[in-house]
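Keep the viewer open as you read.

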Amino acid sequence: MDTQTTCIRCRLKIDTNQYSTHLQQCFVQEETNPYDLNVGQCPLCNKIVKNLLQHCQTCQTDNKEDDYEMVDASSLPQNDSQTVTTSNRKFTRDCIWCFKPIAEIDYVAHVQACVPQSPDDINSTTTNGQTKDSCLNCASAISHHDGSAFQIDVRLVMSTVCIYRRLLTLVQNQKRPQCSRCHFYIDPDTIGDFDQHVDSCDLENAIPCNYCHCPYGITLIEEHVRQCCNEPMHRQQKLVEFLLPHTKYPFSAQQIDFFIETQKKYHRPIDARSIVEALAEFDNVFPLELPSRLCDICMESYLYDDIYVFGCPDSHKLCYNCYETSCRTKMNNNEVITCGICSYQLPYGELRQLRILPAEQDKFVQYQVQKTFERYAGSGRGVIKCPNQNFCRLCNHEFCSLCNDQYHYRTNCQQLAEITQQWYFWCNTERGRYLQTRAREDAVYAARLKEFEREQKANRARNVKLQQTYKNLLADEKYKETNCRLCPHCNRVVQHMGGCASMICGQDYHGGNNQSGCGQSFTWNDAKKYVPTTDRKPEDVMPDFHDPKTKLVVHENITCDGCHETVRGIRFDCIHCPSLIYCEKCEQKLTLQHSNQNDQERKRQHVFQLIMAPDT
């Protein structure tokens with residue numbers, strides 16, 4: 001049987017007795033690009049030699065060093081149209097400019113074609129006897145004598161700044177070394193010397209915390225768990241901060257946070273080591289697409305966390321840069337600050353959401369207060385009287401101009417009474433009942449029930465204040481039932497103070513006593529009677545959530561302000577704060593803290609709305 005030999009150029013299997021003839025034919029190029037067979041670079045040993053064909057045949061046979069005369073690469077014929085075939089890719093070098101793998105035989109030609117200026121086109125200038133060249137990247141003048149140049153090749157010179165920028169992209173995408181003891185990857189810029197870490201590594205037998213899932217050594221885990229269980233806020237943030245310098249390739253905090261949320265969604269392990277191993281499977285490519293949307297003004301794509309949703313009827317969505325720009329433009333034009341898209345006037349709470357310094361926020365709020373006062377003072381409707389009569393007109397007391405109660409977000413005046421009832425019943429009896437029911441089927445809820453029972457004294461003190469708020473609500477509803485009706489035009493609550501039956505919504509019929517109202521005329525007898533919220537039992541007000549087998553709903557893209565995790569189960573929204581949301585596991589402790597903070601600031605108790613179903 002005839003033996004076969006692999007061609008060193010095309011890598012095809014050739015009969016040995018025909019190999020010499022094939023090799024000569026294989027090296028022959030197109031007529032438009034003749035290749036000098038006497039001078040070239042051997043694809044086996046990478047040497048540039050004379051008598052290339054003879055050298056290749058010898059190199060193929062014994063793979064020994066040859067005594068052929070070496071020649072400079074500049075003597076080789078160049079051809080920009082040469083392509084890298086699959087067979088030639090076995091012998092490659094990375095281009096100094098584009099970093100792509102280039103076949104050795106085409107390397108010099110590729111580099112000369114790849115750089116912005118060929119070496120022959122480099123312009124040199126002389127200043128004070130010093131020779132200066134142009135950087136191949138930015139074309140700026142550089143000197144060989146002041147340390148600003150980096151000589152890549154005898155003929156190729158590049159600025160050190162440009163070299164740094166080119167290499168930085170490589171460094172940022174490099175795989176991190178892995179510790180052989182703890183099996184985490186190590187970022188030297190954050191953790192320090194790799195060898196020193198390995199010598200002192202204390203995570204080899206680390207135990208993950210049950211709360212934040214970060215690993216800790218045996219001697220530290222007990223103390224950490226004791227602290228972590230009492231600090232529900234920022235637990236996931238702790239895990240993200242631990243993972244940032246420990247992944248195989250660098251990822252952003254937002255990417256890691258979203259990856260953890262995805263793992264939770266599909267009930268996958270979320271301890272640090274499992275996250276690192278899962279991400280390592282994808283090398284330096286993040287496997288998920290972060291949720292984003294377009295800003296309604298600049299039409300640029302931003303992550304959800306970088307988009308602000310206004311409280312206007314159309315829920316316009318702006319990036320925080322456009323939000324701030326819109327506010328500054330309106331203030332510079334001496335206009336009332338509104339939504340960046342529509343005429344919705346921004347309440348002070350929404351201005352507090354601007355991502356600027358608190359002092360800058362104060363300027364916007366004070367400006368809006370002044371413009372609001374001027375707007376109403378100069379209109380025919382008059383000024384709305386502040387219920388906080390003990391202070392000046394700029395006391396910053398927030399109230400609803402329709403019901404004169406403390407201002408309520410994301411709910412109307414008619415819903416306020418029922419939401420207050422639900423919150424009172426939840427704090428008084430229903431929270432305990434809910435935890436007891438769930439605890440029969442779920443150990444997690446059993447632990448929450450024990451924590452609830454430990455906090456009974458503090459909860460009772462809070463409930464006493466809520467009970468007084470609830471009694472005041474019922475008394476107010478009773479008074480409205482007896483003395484008030486609803487405006488036929490705007491549905492505001494109105495009261496007949498005497499005289500004839502003719503009425504104007506928002507003022508006395510013959511002028512004066514200006515208040516909030518639509519200004520339309522009607523008669524008292526035409527107005528509908530006010531239907532009060534009456535004292536009811538919990539089962540008449542509370543939704544049915546006591547079935548322990550009911551699967552917890554997931555409120556997609558809604559993050560708890562306590563633990564910063566996606567809200568699951570009942571969602572608790574403070575209706576008196578612009579944006580304050582808690583999940584089931586955080587609400588008991590953090591709503592109590594919120595209540596105590598309001599007491600210290602001498603504010604009224606805030607009410608939380610219980611939301612059972614995700615937003616649609």
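Which residues does Gln 263 touch, not counting those up to four places away in sequence? The list runs Arg 268, Pro 269, Ile 270, Ile 275 and Ala 278. Bear in mind as you look that this is a predicted model. Gln 263 itself lies in helix H9, which covers residues 253-265. Its relative accessibility is 6%, so Gln 263 counts as buried.

Now hop across to Ala 278, which belongs to helix H10, residues 272-280. Why does Ala 278 count as buried? Its relative accessibility is 18%, and the cut-off for buried is under 20%. If you set aside its neighbours within four places in sequence, Ala 278 is in contact with Phe 259 and Gln 263.

Time to zoom out. The protein has 616 residues, and buried ones make up 39% of them. You'll be looking at 18 helices and 27 strands. Of the contacts with a separation of 6 or more, 47% are between residues 24 or more positions apart. The accessible surface comes to about 35400 Å², and carbon and sulfur atoms account for 47% of that.

So where is the largest nonpolar core, and what builds it? There are 37 residues in this core, and those with the most contacts inside it are Trp 423, Trp 426, Cys 560, Phe 572, Tyr 582, Phe 608 and Leu 610. Several elements each supply at least two residues of this core: helices H14 (413-439), H15 (443-454), H16 (456-483) and H18 (584-600), along with strands E25 (571-574), E26 (581-582) and E27 (608-611). H14 gives the largest share, 11 residues. Apart from this core lies another, of 33 residues, and among them are Phe 251, Ile 260, Ile 275 and Leu 290.

To find one of them, pick Asp 573, whose bridge partner in E27 is Gln 609.

Next, the aromatics. A pair of rings is described by how far apart the centres are and by the angle between the planes. The structure holds 15 such pairs. Start with Tyr 308 and Tyr 320: their ring centres are 6.0 Å apart and their planes are at 65°, so this pair is edge-to-face. Tyr 308 sits in strand E16 (residues 307-309) and Tyr 320 in helix H11 (residues 320-332), 12 residues apart, and the pair links distant parts of the chain. Tyr 308 and Tyr 320 are both buried.

The charged end of Arg 355 sits over the ring of Tyr 320, 3.8 Å from its centre. Arg 438 lies over the face of Tyr 445, at 5.8 Å from the ring centre.

Let's finish with another glutamine, Gln 588, whose place is in helix H18. Is Gln 588 buried or exposed? At 8% relative accessibility, it counts as buried. Leaving out residues up to four places away in sequence, Gln 588 touches Arg 431, Arg 448, Glu 451, Phe 452, Asn 459 and Arg 462.

Key. Residues numbered from 1 in each chain as written. Predicted model: local features only at pLDDT ≥ 70, side-chain atom pairs only at ≥ 80, totals over all residues. Heavy atoms only, no water. Helix = DSSP H or I, 4+ residues; strand = E, 2+ residues; numbered from the N terminus. Buried < 20%, exposed > 50% of the residue type's maximum accessible area, 1.4 Å probe, protein only. Contact = heavy atoms within 4.5 Å. Areas by Shrake-Rupley, 256 points an atom, 1.4 Å probe, with all protein chains shown as cover. Core = buried A, V, L, I, M, F, W, Y, C linked by side-chain atoms within 4.5 Å. Phe/Tyr/Trp six-rings, centres within 6.5 Å; stacked < 30°, edge-to-face > 60°. Lys NZ or Arg CZ within 6 Å of the ring centre and 35° of its normal. Pairing = 2+ DSSP bridges.
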